[in-house]
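Please examine the sequence and the three-dimensional structure shown below. The briefing that follows is grouped by topic.

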Amino acid sequence: RFGDDIIIIENNESTFTTIVKATTKGMRLWAIHYISSCQVLAPEWLMKDIREVIRTGMNMYHID
């Protein structure tokens, strides 16, 4: 999905860190799609954007 120009750093047997080049919209949609199995660590603006999407979804389903 991100091509061959990525960096993957194995953390342990079940997790890894990756650095990719992607469009803002593409990365945002990918992170939201895999929200239950990935965590965005940087950049800060994307982390904030993802948190806002989560808050909006929780409000839509009346979750505190």
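**Surface, fold and local features**

The protein chain exposes about 5,700 Å², and carbon and sulfur atoms supply 56% of this area; accessible areas come from the Shrake-Rupley method with a 1.4 Å probe, and for residues only the protein chains shown count as cover. This is a predicted model, in which local features need pLDDT of at least 70 and side-chain atom pairs count only at pLDDT 80 or more, while totals for chains, interfaces and linings use all residues. Residues are numbered from 1 along each chain as its sequence is written, and side-chain values use heavy atoms, with hydrogens and water left out.

**Overall fold**

- The protein chain contains two helices and two strands, in the order β-β-α-α along the sequence; helices (H or I, at least four residues) and strands (E, at least two) are DSSP runs, numbered from the N terminus.
- The radius of gyration of the protein chain is 13 Å, well over the 11 Å that the globule rule gives for 64 residues, so the chain is more spread out than a compact globule. This radius is taken over C-alpha atoms, and the globule rule is 2.2 Å times the number of residues to the power 0.38.
- The C-alpha trace spans about 40 × 30 × 20 Å along the principal axes of the protein chain.

**Burial, contacts and charge**

- Of the 64 residues in the protein chain, 9% are buried (buried means under 20% relative accessible area, exposed over 50%, and partly exposed in between, with a 1.4 Å probe and protein chains only).
- Among contacts (heavy atoms within 4.5 Å) between residues at least 6 apart in sequence, 12% join residues at least 24 apart.
- The protein chain carries 7 positive and 8 negative side chains, with the centres of the two sets 9 Å apart. Lys and Arg count as positive and Asp and Glu as negative, whereas His and the chain ends are not counted; the place of a charge is NZ of Lys, CZ of Arg, CG of Asp or CD of Glu.

**Individual residues**

- A cis peptide bond, with omega about 0 degrees, joins alanine 42 and proline 43. Proline 43 lies in the loop between helix H1 (24-33) and helix H2 (44-60).
- Histidine 62, in the segment after H2, has a positive phi, near 55 degrees, although it is a residue other than glycine. Histidine 62 counts as exposed because its relative accessibility is 72%.
- Tryptophan 30 counts as partly exposed because its relative accessibility is 24%. Tyrosine 34 is also partly exposed, at 31% relative accessibility.
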